[in-house]
Amino acid sequence: MSRIRINPVVLILINVIAPSMYILINGKYLQYFLLAFASFVLILMGRFKRLAGMLVIYGIMIGIYSITIQDDRAKFIGLFLIVLAQSVPCLVLASVLVSKYNSAELLAALETMRIPRMMVVAVTITLKYIPTFTREFKLIKESMRLRGIDFTWKKPIRSFKYFVVPQLFRCAALAEEVTAAGMVKGIDAPVRRSSYFEERVRWSDAMIMAIFVIGLAGGIVWHTRL
Amino acid sequence: MAYTPVIKAEGLSFKYNESKEGIFDVNFEINQGEAVLITGNSGSGKSTLLKCLNKLIPTITEGELKGKLFINGEDYDSVKMYALNKKVGSVFQNPRSQFFTENSTAELVFPMENYGTDKEEMGRKLDELKKDFNLGKMMGRDIFTLSSGERQMLALASSLTMNQKVLIFDEPSANLDYGNAMRLGRLIDKLKHNGYTIIVADHRFYYLNGIIDKVFFMEQGKLTSFASEEEFKNSGYDTRSFDIFSLNIPFTGAAESKDSVVAELKDVSYKEILKNVNLKLHKHEVVGLVGSNGAGKTTLARLLCESNKPDGGKVVKGSLPFFIMQDPDYQLFGTSVDNELSLVKNDAKRIAECVDYLGLKPYRYKHPFDLSGGQKQRLQIAMALICDRDLIIFDEPTSGLDVYSMQRVSDEIVKLKEKSSVLVISHDYEFLRHVADRIVYLNDKTIEDDFILNKENVNRLNAIFGKMAEETA
């Protein structure tokens with residue numbers, strides 16, 4: 001099966017709309033619908049590994065929930081996890097967004113949504129910090145090993161500190177450097193940005209959006225009837 | 001029409017907030033088609049001046065700015081940042097963060113998108129840049145997978161996308177090997193002849209020999225102007241860096257080492273990078289590992305550190321080597337200089353001695369991240385001095401250091417060999433001449449040459465550098 005390329009705008013919209021629907025729609029219905037919908041999108045995009053990962057994490061969370069819910073003392077763990085589980089489908093779709101599209105594509109997508117420029121830039125930098133973080137995390141872990149400073153669960157807070165403090169300093173420096181890199185390349189130009197990667201809204205994008213909206217509408221109808 | 005300089009400064013001063021540093025009463029004129037070198041030691045104000053030229057000062061860096069700057073006769077105050085950067089292209093020093101995106105094609109179109117260029121025009125410009133800078137092989141790639149030479153080309157190309165005619169470089173040679181630096185020199189020469197105005201700030205300038213029209217020498221924020229390269233060379237300032245091969249540096253006087261072997265690579269192969277490499281590292285010996293960018297020098301070091309496992313052959317060694325990477329920010333975990341050192345070895349007496357020796361005493365209770373670049377590096381050397389490991393590896397310890405700091409690091413590295421074996425990966429000819437007892441040349445997946453660095457063999461080292469320059473020709 002050939003993979004379908006989804007316009008990033010569609011994924012962004014879904015990610016914005018879905019969580020806010022918990023106000024309007026029955027939680028259980030929305031939870032299962034989003035899980036099914038995210039699985040469907042992942043299959044279309046050919047991201048089978050990510051799909052498997054999502055289902056496993058989801059399954060584990062639900063599993064722990066059903067076990068702990070029977071015991072009053074452990075109940076809070078289950079309740080905490082069930083709340084967390086509801087955000088899993090959205091997080092997975094967001095992770096696809098970050099890993100599959102480059103900053104220029106994300107910028108272009110956000111720009112077509114007529115969001116103010118400074119916000120677009122801030123969101124893009126934040127999204128792109130995730131892969132940078134992963135890369136830097138590996139470097140820090142490696143240099144801890146070479147220094148002979150091990151990450152141990154015996155002293156979790158201290159170990160955690162070794163990871164986080166250098167990251168924070170790097171983060172502050174990086175933010176300034178990236179801003180400078182953007183500024184000297186005209187990110188503040190008061191004209192409408194054009195896009196080299198701009199994508200037309202395809203038939204498949206419209207279909208995915210339609211399925212999403214119909215699913216939500218169904219939920220609202222069900223919710224009001226009950 | 002009266003003749004107007006491209007850039008003119010009149011009494012330009014800038015002082016950073018909460019700091020005495022800055023630039024003071026700077027005056028100069030730069031004309032079209034000139035190549036200008038701005039040089040001086042670290043902290044002399046080179047970068048500050050460049051930031052004024054591309055308006056990052058005062059746009060994002062705060063402080064007190066006085067005096068006037070003009071571009072083509074127009075006052076900088078009346079030119080907006082985005083309008084200025086259509087005329088002035090900037091190439092930064094940091095290989096990691098000078099790119100806004102992480103894909104090479106996206107990076108090239110990024111400025112054009114910002115200025116609203118239409119898609120056809122972008123395609124046309126992209127083709128033109130591809131041809132001019134030979135970017136064919138690196139389009140559409142993840143920037144992190146590019147070599148440092150390729151990244152430099154990309155940074156240069158992306159700073160010219162809006163047809164800028166003025167180009168600013170901040171320490172472009174810091175992360176380049178000798179061959180790529182020489183290639184950059186040739187490119188700058190070519191751009192200059194095509195009418196571009198080039199401004200380069202760097203403390204090494206061997207790659208600009210014979211190209212420069214004017215030199216601005218910075219010292220504690222003050223600028224002294226020299227009307228030509230010749231005038232600068234005759235000025236009495238330390239301009240040796242123009243011709244690195246004529247430097248008269250004494251040799252360390254090392255002979256074939258008879259000391260014990262601390263680490264050995266036996267027939268080691270790794271992926272497509274290294275094939276059947278054999279190498280013995282001895283105690284009390286400083287080995288300079290040289291080779292072009294991407295020759296596998298860092299991979300070899302990583303094999304010694306068990307970061308990578310060899311596909312074939314064997315790595316024999318005692319303790320884990322102490323590896324000092326290029327970027328100290330990833331390697332500092334302590335809450336103060338003292339604490340950082342005690343994480344290596346909790347021996348208050350030795351820490352005190354070491355801190356004293358390296359001039360870190362006033363900073364003992366400072367957080368490592370609050371230190372300057374040079375101080376961070378000295379802290380790393382202090383860590384190496386007290387670490388009790390047999391082998392200490394440095395990856396490009398002098399990139400971005402001025403000549404004085406480089407000489408200081410050299411002395412400290414020589415001190416390290418009193419108790420350990422030292423392996424330095426370096427592109428820096430002058431530094432290698434100061435510290436290396438032995439040179440190992442990595443080329444074409446294997447060790448092509450391995451010799452004691454002395455008067456008889458220095459030609460071999462020069463030939464290696466000559467060869468690296470030819471490779472990029």
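Author: Chain B is divided into domain 1 (7-246) and domain 2 (261-471), with bounds that come from an automatic or database domain assignment. This is a predicted model, where local features need pLDDT of at least 70, side-chain atom pairs count only at pLDDT 80 or more, and totals for chains, interfaces and linings use all residues. Residues are numbered from 1 along each chain as its sequence is written, while chains are lettered from A and ligands numbered from 1 in the order in which they are written.

Reader: How far apart are the C-alpha centres of domain 1 and domain 2 of chain B?

Author: They lie 30 Å apart. In terms of contact, 18 residues of domain 1 of chain B meet 18 residues of domain 2 of chain B; contact requires C-beta atoms, placed from the backbone, within 7 Å.

Reader: Which helices of chain B supply at least two residues to domain 1's side of that?

Author: Helix 6 (148-158) and helix 7 (178-193) of chain B each do. Helix 7 of chain B gives the most, with four residues. Helices here are DSSP runs of H or I with at least four residues, strands are runs of E with at least two, and both are numbered from the N terminus.

Reader: And how do the residues on that side of domain 1 of chain B divide?

Author: Into five nonpolar, 10 polar and three charged. Nonpolar covers Ala, Val, Leu, Ile, Met, Phe, Trp, Tyr, Cys and Pro, charged covers Asp, Glu, Lys and Arg, and the others, Gly among them, count as polar.

Reader: Switching topic: what joins strand 1 and strand 2 of chain B?

Author: Six bridges, with strand 1 (residues 7-16) and strand 2 (residues 22-30) of chain B running antiparallel. Strands pair if DSSP finds at least two bridges between them. B:Lys15 is opposite B:Gly22 of strand 2 of chain B. The hairpin has five residues between these strands, and B:Glu18 there has a positive phi near 55°.

Reader: I'm also looking at B:Gly73. Buried or exposed?

Author: B:Gly73 is exposed, because 11 other C-beta atoms lie within 10 Å. The cut-offs are 12 or fewer for exposed, 20 or more for buried, and partly exposed in between, counting other C-beta atoms within 10 Å of the residue's own, all placed from the backbone. B:Gly73 is in the loop between strand 4 (63-71) and strand 5 (74-75) of chain B. Its C-alpha atom is 9.5 Å from that of B:Tyr3, 70 residues apart along the chain.

Reader: OK, chain A now. How many helices and strands does chain A have?

Author: Eight helices and zero strands. Buried residues make up 27% of the 226 residues in chain A.

Reader: Where does helix 4 of chain A bend?

Author: At A:Val88, by about 35°, and a proline, A:Pro89, follows within four residues. The bend is the angle between axes fitted to the seven residues ending at a residue and the seven starting there.

Reader: Which residues of helix 4 of chain A are buried?

Author: A:Gly78, A:Gln86, A:Pro89, A:Val92, A:Leu93 and A:Leu97. Their cover includes helix 1 (8-20), helix 2 (27-45) and helix 3 (48-68) of chain A.

Reader: Last one: how many residues does the contact take from chain A and from chain B?

Author: It takes 35 residues from chain A and 41 residues from chain B. Helix 7 of chain A brings the largest share of the chain A side, 12 residues. By class, that side has 18 nonpolar, eight polar and nine charged residues.

Terms used. Contact = placed C-beta atoms within 7 Å.
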